[in-house]
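Here are some notes to read alongside the model as you get to know it. Take the points in order, and keep the 3D view open as you go.

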Amino acid sequence: MIHQQIKELFFSSVEHIVSDISQYAVHPDSDFKRSKKIPTQKLISFLVSQGSSSTRVEMLDFWGLDSSIPTASALSQQRAKLKPDALEAVFRHFNSASMELPPASFMDSHYRFLAADGSTCTFFSTPAFSSPDYCCPGHSANGVYSMHLNAFYDLDTHTYTDALIQPVRCKNEFGAFCDIVDRHDVLDGIKNVYIGDRGYCSYNNMAHVVEQGQYFLFRTKDIHSKGLVGNFNFPDAESFDIDVSVILVRSHSKKVLADIHTEGYIRFVDQAAAFDYIEYGSYDTYELSFRILRFPISTSTYECIVTNLPRDEFPVERIKTLYNAR
């Protein structure tokens with residue numbers, strides 16, 4: 001996508017949301033009804049483009065040295081009328097429209113590679129714009145506001161495909177990952193491949209991806225640690241690519257173990273760990289099958305990856321390239 005197409009798509013998305021702005025107004029009957037110095041299109045465009053400088057500096061960058069530039073107070077009053085949902089709606093409409101444009105390149109026409117990651121940032125705000133959940137104790141008397149951004153990024157088109165914001169005090173990257181996977185767009189004839197570092201490797205995350213009929217690729221702790229792959233039978237070789245099947249249980253009852261007739265591994269998911277497909281104490285079981293790959297990244301260190309991608313299309317070298325792209 002060239003930059004002019006991107007700008008046109010963005011402005012089109014803003015216009016689409018503004019056409020039904022009452023849906024995103026705090027007071028639908030009165031807000032955004034009269035002509036103002038800051039029309040709704042300008043307000044949304046400014047909020048999206050705003051950087052980290054002071055409001056006045058950002059306004060000068062946006063409006064330029066124009067005698068009609070609004071005051072910071074007028075901006076705050078207009079902003080207070082707009083629900084945050086409006087910005088999310090612009091984001092989703094823009095992403096949906098951008099899918100119709102041909103991407104710059106495709107690593108594979110049958111797969112869409114999505115990197116997952118999270119980042120915490122601190123921002124200035126007031127109680128009028130940020131709920132108390134985002135306020136954290138700080139060096140100042142009023143504390144600071146912090147949020148944790150969970151985002152998915154398309155490695156091919158270089159666009160963010162979805163995001164979820166959490167208060168830092170309540171951040172949960174596992175939960176955010178599952179929520180985004182469950183609601184993420186899946187294009188016709190294309191499978192999503194969700195790529196994450198060690199912070200995303202869990203049976204629950206794997207299960208959510210599998211339930212959507214998609215693929216995962218997670219880095220995990222090495223086989224000599226107490227991580228997810230620490231108790232499997234591995235080949236004598238330092239490097240390998242093996243298939244494993246795991247039966248997940250959430251009860252120590254002998255009845256559960258007696259009903260399992262498999263040569264796969266049995267793993268108990270305790271009460272502290274999240275697993276959304278079996279209630280704790282239930283006699284139900286859940287089976288997961290995936291590959292475990294181990295390969296050297298230096299003369300003395302190894303990388304360990306778990307994935308359900310097919311081996312014939314994704315041999316070790318391609319797996320290395322994919323995770324490195326993340």
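1. A salt bridge here is a side-chain nitrogen of Lys or Arg within 4 Å of a carboxyl oxygen of Asp or Glu. The pair links distant parts of the chain, with Arg-219 in strand β6 (residues 215-220) and Glu-303 in strand β10 (residues 302-307), 84 residues apart. Arg-219 counts as partly exposed at 26% relative accessibility, whereas Glu-303 is buried at 11%. Buried means under 20% relative accessible area, exposed over 50%, and partly exposed in between (1.4 Å probe, protein chains only). Helices (H or I, at least four residues) and strands (E, at least two) are DSSP runs, numbered from the N terminus.

2. Before going on, please note that this is a predicted model, in which local features need pLDDT of at least 70 and side-chain atom pairs count only at pLDDT 80 or more, while totals for chains, interfaces and linings use all residues. Residues are numbered from 1 along each chain as its sequence is written, and side-chain values use heavy atoms, with hydrogens and water left out.

3. Now for the whole chain. The secondary structure comes to 9 helices and 10 strands, and the C-alpha trace spans about 75 × 45 × 40 Å along its principal axes. Of the 326 residues, 40% count as buried. Among contacts (heavy atoms within 4.5 Å) between residues at least 6 apart in sequence, 61% join residues at least 24 apart.

4. How many salt bridges are there by this rule? The count comes to 13. One of them joins Asp-162 and Arg-92, with the closest N and O atoms 2.9 Å apart. Asp-162 sits in strand β4 (residues 159-167) and Arg-92 in helix α5 (residues 85-98), 70 residues apart. Asp-162 is buried at 2% relative accessible area, while Arg-92 is partly exposed at 32%. Both belong to a network of salt bridges that links Glu-88, Arg-92, Asp-162 and Arg-183.

5. Another salt bridge to look at is Glu-238 with Arg-294, where the closest N and O atoms are 2.8 Å apart. Glu-238 lies in the loop between β6 and β7 (240-249), and Arg-294 in strand β9 (residues 285-296), 56 residues apart. Glu-238 is partly exposed at 44%; Arg-294 is buried at 4%.

6. (Lys and Arg count as positive and Asp and Glu as negative; His and the chain ends are not counted.) A polar atom of the Asp-31 side chain does lie 2.8 Å from the backbone nitrogen of His-27.

7. Finally, have a look at two helices. Helix α6 (residues 173-183) and helix α7 (residues 203-211) pack at an angle of about 5°, with their axes 9 Å apart. Axes are lines fitted to C-alpha atoms, for helices over the stretch in contact, and angles run from 0 to 180 degrees between N-to-C directions. Angles under 35 degrees count as roughly parallel, over 145 as roughly antiparallel, 65 to 115 as roughly perpendicular and the rest as oblique, so α6 and α7 are roughly parallel to each other. Residues making the contact include Phe-174 and Phe-177 of α6 and His-208 and Val-209 of α7.

Notes. Polar contact = N/O pair within 3.5 Å; in protein donor to acceptor, adjacent residues only side chain to side chain.
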